[in-house]
Amino acid sequence: MAVLRFPERFVWGTATSAYQIEGAWDEDGRSPSHWDTFAHTPGKTRNGETGDVACDHYRRWPEDMALMASLNIQAYRFSVSWPRILPNGGNQINEAGLDHYDRLVDGLLEAGIRPFITLYHWELPQTLQDAGGWPERSTVDHFVQLADVVSRRLGDRVHNWITHNEPWCTSMLSHQIGLHAPGWRNWPAALAAAHHVLLSHGTAVPAIRANAPQAEVGIAPNYEPAYPLTRSPEDIEAARIWDGYYIRWFNDPLFGRHYPADMVAYYQEKGYLPHGLNFVQPGDMETIAVPVDFIGINNYTRQIMSGKVSLDQFQTAASPNPNATYTEMNWEVYPDGLYDLLNRLHFDYQAPKIYITENGCSYGDGPDKNGRIHDTRRIDYLRSYLTGVHRAIGNGVPVAGYFVWSFMDNFEWSLGYSQRFGMVYVDYQTQQRLPKESAYWYKDVISHNQLETM
Ligand code: FCB
């Protein structure tokens, strides 16, 4: 056994998002988001499940916060629900909605928990979706307005801001693959959406800083690194394309490298950019490349790529690894992927500071007859990834904190309630919360600021 010490002031946190936990979908003036519409459309989510009630966190947040504090959690990453604050995408602030987050922030601070706010974790007011959504450039201004309203109210107390959660999901998963709201399958729209999400990030960063001068502002892309199955040119090529599609298309512009030329050529050849990069207007790329204070990394797994495949087949093109274990999402447990990413983000992209804004796993363990939940596979997963994080820190990568996804079981988007990512078990019938063994294990890690490896 080895003991791995983490740096002083390393931030130990956990993460959630509004639609996945809040419920109260039509209360206190909240208007529908495009996720409400999507989840209410038959066939879009498992068993037609929705976030209407979810974990009822909108009402139960004091209890959830107290539980978090009892587990010594130091930081809580949550998202604000856009249609609660600016219903119907309009200019009119819904004070009841904004007050909710105001109270939550005060409660967290009183409990000694540092709030990290995500402004967009996938809840676009349906009215803005009706007006064209992210493929429309006008959505950028609406998002910047949201950023301004929220940071104006909370910027005196919240010092960590994340503009967007996972731009790849907002654009590609939602507009090209169609598995998330609004469920489109349209390459040109998806690539325009990607641009507008990035542009809205770059435009919002100075707006947030103006309202919260002491704040650190960043973005949390999802990174699913690709590794070639063999060293054959075909496998290497497939891995390069996946990397361009998933990582470089977003990361390169954020770091001032413009859209990657090899991918522009690839998309043009495939007919995915019928009008070229016509959505890019003068000055956009400079706006997107605004220096950030930190990069948030969301990482769970990797892809093993092989052969000549088109991106439309990539969902099934990845090769399984017979030597690996998989979580219930069917995601390979691959801690070296996070280790490699951390090195790449710092030594190649020169990220000044990194928070791991999401990492975690889905396992369905429930209470035994004594009410205990032995989610040892989650502990093993977290321990293995954190060992990689520690190793990267040893290389000089400035990792400032780590957030487990998720605090409690919640609505896993199109998969409904079938996937349990929480360190806290939620009984959806009674809304009872029950910390799993991993929650107590994490408390121990936090309390000692160190990890014991096997
Ligand atoms: C990420 C999302 C988060 C959750 C986890 C499992 O892609 O940001 O909301 O669904 O995956």
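Visitor: Which exposed residues sit on the face of H11 turned away from its buried side?

Guide: This is a predicted model, and in it the face of H11 turned away from the buried side carries Ala261 and Glu269, which are exposed.

Visitor: And which residues of H11 are buried?

Guide: In helix H11, which spans residues 261-270, the buried residues are Met263, Val264, Tyr266 and Tyr267. Because these residues cover an arc of only 165 degrees around the axis, they lie on the same side of H11.

Visitor: OK, and what follows H11?

Guide: H11 is followed by Gly271, and the phi of Gly271 is positive, near 85 degrees.

Visitor: Switching topic: how do the axes of H14 and H15 cross?

Guide: The axes of helix H14 (residues 335-348) and helix H15 (residues 376-394) come within 8 Å and cross at roughly 25 degrees. That angle is under 35 degrees, and the two helices are therefore roughly parallel to each other.

Visitor: Is that crossing left-handed or right-handed?

Guide: The crossing of H14 and H15 is right-handed.

Visitor: Which residues make the contact?

Guide: On the H14 side the contact is made by Pro335, Asp336, Leu338, Tyr339, Leu342 and Asn343, while H15 contributes Ser384, Tyr385, Gly388, Val389, Arg391 and Ala392.

Visitor: How many of them are nonpolar, polar or charged?

Guide: Sorted by class, the contact of H14 with H15 has seven nonpolar residues, three polar residues and two charged residues.

Methods: Residues are numbered from 1 along each chain as its sequence is written. This is a predicted model: local features need pLDDT of at least 70, side-chain atom pairs count only at pLDDT 80 or more; totals for chains, interfaces and linings use all residues. Side-chain values use heavy atoms; hydrogens and water are left out. Buried means under 20% relative accessible area, exposed over 50%, partly exposed in between (1.4 Å probe, protein chains only). Helices (H or I, at least four residues) and strands (E, at least two) are DSSP runs, numbered from the N terminus. The arc is that of the directions from the helix axis to the C-beta atoms. Axes are lines fitted to C-alpha atoms, for helices over the stretch in contact, and angles run from 0 to 180 degrees between N-to-C directions. Angles under 35 degrees count as roughly parallel, over 145 as roughly antiparallel, 65 to 115 as roughly perpendicular and the rest as oblique. A crossing is left-handed if the near helix is turned anticlockwise from the far one by less than a right angle, and right-handed if clockwise. Contact means heavy atoms within 4.5 Å. Ala, Val, Leu, Ile, Met, Phe, Trp, Tyr, Cys and Pro count as nonpolar, Asp, Glu, Lys and Arg as charged, and the others, Gly among them, as polar.
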